[in-house]
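Dear colleague,

I am handing over the structure that follows, and below it you will find what came out of going through it. Please read the notes alongside the coordinates.

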Amino acid sequence: KHGDGAMMQQDPEKAVERVTRESQTGSPRTGWGVFHLLKDVGKAELKSFLEDLEGLPGVLAQAKLARPKTQGIAAAALRANPASCDLQVATNASKESHKRMLVAEDSLVLANEHPSNNRLQKFRDDVVNINVHRPRFVPPLRKETKVKRGVVVEVIVTPPKTPEPWTILKSPFRKRREESDSKDFFDTPQVYNKRCGRDWDRAIAKEAFAKLLVRSRKGDPKLDGAQPSVTEMLKDVCTSTLKNVMDTHFEFVSMVFDFFSVSGNTIGEAAYSMRLNSWNRLVKICSFADPKSARCKQTDIDTAFVATNFEEDGNEDLNEDNDDDALMRFEFIEILIRIAILKYGQGVATYDPAEALRMLITQNMKPNVGSDVARNSNDFRKDRLYVKAR
């Protein structure tokens, strides 16, 4: 190998002939030793860097005899390309190098037979191609297995937390104990008594209604023909009889009032009063009107509705909030007493307005309104509202 340079200097034509002959016979020395063969025709120097075409393992043997720097470069190249130690891979690389050498040989023959710059450049390019693809520096010819990488999704699994037991103190209803009239989560008997007292005071404050109560006792044999004063009569009615009946049944009366107030076509603040159409529904359901009665026909009931809605002077704030075509709760109490007197009072069944009211509630209202109307709001809160969501 090391005599090629001297042969090039002494007899270039002989050197070219030798390289050509070895390439035709497939000699192991025909790797890429013609790199600078025709770089400068007549003056070029043929370098000795032919490789063993049997495979790269021969490079290892050469590296052992080379200088330390060259040996280190060869070892680094082999570490970077472990597949080059494979005999089959090295053999394939040698075959590819031999094919490129044959191409360069053909270019050389054409350059000698028909000298031209283009053919000379073609030969030089083929030689450069041999040098660039020297087997020791090419990547492994073994096909690498392509691994299809998927998307890694990190899933954090946390143990389920034990839900805290439901309590009304942590629910949206916790403010009711502070904001409601009862200062409790439910309506207490005390709040019903307070409502009844307020409504009763507003009802008997109307002079026309007070006079009606006095007239309803006219003809009562218990009075022996004596007509007590209005003050004494009101005291008797309010403290001993009529007020006690209303206290007993006020919760039921309130539930009926609430149901028929919101069942009409009313929205907003108007839903807190009972419109005429809702009142007429209640009259029909409870059979208040009696066509055979002398004083309790439908026309009499309509007159009672108008009389109850009449607003007297003296309480302007209440009159301003009171709708002339609807019944507030205290007016609902008043009209029930009026209907009771018309239907059962004034000697029809009794002279006592309290007894007439009790008969109207127990005989006409409770049996007919149904459980949907007379539903206790506290039962609804306990069974349906103050419970954990399902």
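Which residues does S254 touch, not counting residues up to four places away in sequence? Before the answer, a word on conventions: this is a predicted model, in which local features need pLDDT of at least 70 and side-chain atom pairs count only at pLDDT 80 or more, while totals for chains, interfaces and linings use all residues. Residues are numbered from 1 along each chain as its sequence is written, and side-chain values use heavy atoms, with hydrogens and water left out.

S254 touches Y192 and R329, where contact means heavy atoms within 4.5 Å. The residue lies in helix 10 (residues 230-262); helices (H or I, at least four residues) and strands (E, at least two) are DSSP runs, numbered from the N terminus. S254 counts as buried because its relative accessibility is 4%, the cut-offs being under 20% relative accessible area for buried, over 50% for exposed and partly exposed in between (1.4 Å probe, protein chains only).

For the chain as a whole, the secondary structure comes to 16 helices and 2 strands, and 39% of the 390 residues count as buried. Among contacts with a separation of 6 or more, 61% are between residues 24 or more positions apart. The accessible surface is about 24500 Å², with 53% of that belonging to carbon and sulfur atoms; such areas come from the Shrake-Rupley method with a 1.4 Å probe, and for residues only the protein chains shown count as cover.

Much of what follows concerns helix 14 and its partners.

The axes of helix 8 (residues 189-204) and helix 14 (residues 329-343) come within 8 Å and cross at roughly 65°. Here axes are lines fitted to C-alpha atoms, for helices over the stretch in contact, and angles run from 0 to 180 degrees between N-to-C directions. Helix 8 and helix 14 are therefore roughly perpendicular to each other, on a scale where angles under 35 degrees count as roughly parallel, over 145 as roughly antiparallel, 65 to 115 as roughly perpendicular and the rest as oblique. The crossing of helix 8 with helix 14 is right-handed; a crossing is left-handed if the near helix is turned anticlockwise from the far one by less than a right angle, and right-handed if clockwise. On the helix 8 side the contact involves R195, D199, W200, R202 and A203, and these meet R329, F330, I333 and I337 in helix 14. By class, the residues of this contact divide into 5 nonpolar, no polar and 4 charged, with Ala, Val, Leu, Ile, Met, Phe, Trp, Tyr, Cys and Pro counted as nonpolar, Asp, Glu, Lys and Arg as charged, and the others, Gly among them, as polar.

Helix 9 (residues 207-215) has an axis that comes within 11 Å of that of helix 14, with a crossing of roughly 25°, and the two are therefore roughly parallel to each other. Their crossing is left-handed. F209, L212 and L213 of helix 9 make the contact with E334, I337, R338 and I341 of helix 14, giving 5 nonpolar, no polar and 2 charged residues.

With helix 15 (353-369), the axis of helix 14 comes within 8 Å and crosses at roughly 95°, so that these two helices are roughly perpendicular to each other. The contact is made by F332, L336, I337, I339, A340, I341 and K343 of helix 14 and by P353, A356, L357, L360, N364 and M365 of helix 15, which by class comes to 11 nonpolar, 1 polar and 1 charged residues.

The loop between helix 14 and helix 15 holds G345, which counts as buried because its relative accessibility is 3%. Leaving aside neighbours within four places in sequence, G345 is in contact with R295, A340, T350 and A356, and its C-alpha atom is separated by 8.6 Å from that of L357, 12 residues apart along the chain. Q346 is also placed in that loop; although not a glycine, Q346 has a positive phi of about 55°, and it is partly exposed, with a relative accessible area of 29%.

A positive phi of about 55° is also found at S287, again not a glycine, in the loop between helix 11 (276-286) and helix 12 (298-308). S287 counts as partly exposed at 40% relative accessibility.
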